[in-house]
Amino acid sequence: MPRRLRKGEACHALLAIWARQAQNEGVVKAPAYRRAKLAVLIWILAGGMILTRGLGATSEPPATDAGSAENPKPDTVAASADSGAASDSEKMSAPAANTLDETTADDQAPLPAKRNSSSPATVYVVPIQGEISAPQLYILRRALKSAIESHADAVVLDMDTLGGEMSVMLDMMDALAKFPGHTYTYVNDKALSAGSFIASATNEIYFKPGSSTIGAAAAVNSEGTDIDSTMKLKINSFMEAKVRGLTAGKRYRADVQRAMMDADFEFKVGDEVIKPKGALLTLTGEEACKTYGKPPEKLLGAGLAPDIDTLLAKIYGPGGFVLQEFSLSWSEQLAKWINAVAPILMGAGILLLLLEFKAPGFGLPGIAGICLLVIVLAGQYVAGLSGYEPAVLFVLGLVCLVLELFVFTGSALCGVLGILCFFASFVWAMTDVWPGQSFGGVTAEALAQPMLNLAIALLIAWVGFALALRFLPKTSFYGRLVNLTAVPRDSVVATSGGAAATGAITLPDPGVRGVAVTDLRPLGEIEIAGGRFQARAVHGQINRGAAVEVVGRKDFALAVKNAEN
């Protein structure tokens with residue numbers, strides 16, 4: 001009755017079956033087995049590339065013609081840090097809002113000039129809905145980089161948010177500043193707190209008539225309560241300067257944003273008080289579009305529009321634009337958690353690959369290690385940090401390592417190149433590089449976090465590998481790592497008919513002699529009493545067919561010397 005395969009042996013058996021099918025003879029030959037190993041690697045890497053593409057594709061549906069696109073609106077998630085402040089601010093700012101004229105100025109909204117090109121404008125629509133957090137940054141950053149690469153004309157933020165994390169808000173504002181085209185915010189109900197700052201970083205702000213509001217942007221802590229007065233002064237000073245730098249040419253925008261965040265600031269236009277001291281400014285869409293001053297200029301908004309299609313039709317003309325719509329999906333939420341533990345996943349993946357390279361054949365540790373590393377790369381792609389280039393570099397590194405292990409054993413060149421490509425791919429994947437930016441333009445600050453993540457991963461892998469070397473030799477599993485008899489191959493001892501003998505897991509003692517069935521450079525395989533074992537030459541190299549003598553055990557292999565010398 002055939003025995004049940006142990007854990008890890010199923011993959012070895014499957015590889016052997018594939019290798020047998022690759023030839024017409026009854027004896028399995030090493031080249032066929034190696035081809036089967038390479039086939040498994042190719043399947044795993046291809047699956048990883050498909051996974052990465054699939055994660056990105058869930059957020060990037062095909063472009064649609066003007067007038068035919070439907071703007072999906074995900075369920076709004078209220079930001080706990082800002083919801084209380086928003087409602088209080090709306091009540092406090094009511095007296096100021098009542099001083100504004102109730103008439104709308106939509107017909108007078110200054111629209112950008114029509115395109116001279118006969119081809120329709122390409123417009124990317126990005127949802128900024130729910131709490132401002134990492135997923136919103138991921139989809140915005142990926143959309144902006146895609147828009148730059150495809151030479152899109154404009155990006156529209158479809159906004160409905162109560163606010164969120166300040167650090168994410170700043171990253172989103174910086175990302176918008178890197179887009180060379182026109183940027184718009186369409187306030188599709190609410191642009192409160194952090195949302196108002198992000199809207200101020202775009203060229204024009206439009207509003208949905210009726211219920212849309214913007215404002216209530218005072219800084220609060222993570223629980224939604226007031227922060228220390230000194231810290232609030234520092235934050236307000238920084239954000240006021242930030243907004244002034246982004247709103248040059250907008251007469252009122254910087255002061256409007258200041259009135260939304262600083263209760264002690266009195267905002268006046270001429271003799272008319274827009275917001276008195278002691279309140280935070282919150283505006284409706286109609287109030288934001290009212291004109292003031294001479295020459296007249298709108299307070300904040302560029303106009304009103306019932307939906308994005310109507311807005312773009314006003315700007316580019318009916319049929320004058322093509323939409324590329326993005327949507328938030330599970331992949332952005334998943335990437336948030338993947339990136340939070342990326343150094344741990346990367347360290348575990350490297351450790352598993354080290355154990356795989358030390359063990360015979362190709363089994364579960366190698367598959368699990370590659371999968372973990374592909375997951376890390378996929379997380380960076382969804383985060384909008386990298387494209388497919390790091391994945392290609394990663395595959396190239398793995399190919400070099402496979403060549404080192406199975407083809408050019410002992411050459412070291414392929415191994416060194418593979419390791420360099422391997423590490424470079426992860427640093428590249430975690431670095432925020434924008435289209436058209438050369439590597440010389442990447443700052444040390446941008447490389448600091450990727451290098452720290454890689455250092456943490458290497459530390460985890462090194463500690464794990466040291467523990468494995470210390471404790472694994474004391475376990476029965478160690479014998480299965482060194483013993484190769486579960487994997488049928490050809491032998492220089494039994495050169496015809498049948499497969500290799502099935503031997504015990506008990507490892508040979510020092511002094512026992514055998515025969516090298518592969519070249520040991522210094523790692524290879526030997527045969528002792530019909531059993532196959534992974535071995536390492538302690539001095540120089542040992543050619544295939546030479547007599548060897550066991551002198552000990554080292555790093556998941558038998559330590560052997562040339563018995564003929």
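Reply: What follows is a close look at helix H5 and its packing against helix H6.

The model is predicted, so local features need pLDDT of at least 70 and side-chain atom pairs count only at pLDDT 80 or more, while totals for chains, interfaces and linings use all residues. Residues are numbered from 1 along each chain as its sequence is written, and side-chain values use heavy atoms, with hydrogens and water left out.

Helix H5 covers residues 134–149; helices here are DSSP runs of H or I with at least four residues, numbered from the N terminus. The 16 residues of H5 should span 22 Å at 1.5 Å a residue, and the 23 Å between its end C-alpha atoms agrees with this; the expected span is 1.5 Å times one less than the number of residues. After H5 comes histidine 151, with a positive phi near 55°.

H5 is mostly covered, with 15 of its 16 residues buried (under 20% relative accessible area, with a 1.4 Å probe and protein chains only).

Its neighbour H6 spans residues 166–177, and the two axes come within 10 Å and cross at roughly 10°. Axes are lines fitted to C-alpha atoms over the stretch in contact, with angles from 0 to 180 degrees between N-to-C directions. H5 and H6 are therefore roughly parallel to each other, a term for angles under 35 degrees.

On the H5 side, Ala134, Gln136, Leu137, Leu140 and Leu144 make the contact, meeting Val168, Asp171, Met172, Ala175 and Leu176 of H6 (contact means heavy atoms within 4.5 Å). By class, this contact has eight nonpolar, one polar and one charged residues; Ala, Val, Leu, Ile, Met, Phe, Trp, Tyr, Cys and Pro count as nonpolar, Asp, Glu, Lys and Arg as charged, and the others, Gly among them, as polar.

Note on methods:
Helices (H or I, at least four residues) and strands (E, at least two) are DSSP runs, numbered from the N terminus. Angles under 35 degrees count as roughly parallel, over 145 as roughly antiparallel, 65 to 115 as roughly perpendicular and the rest as oblique. Buried means under 20% relative accessible area, exposed over 50%, partly exposed in between (1.4 Å probe, protein chains only).
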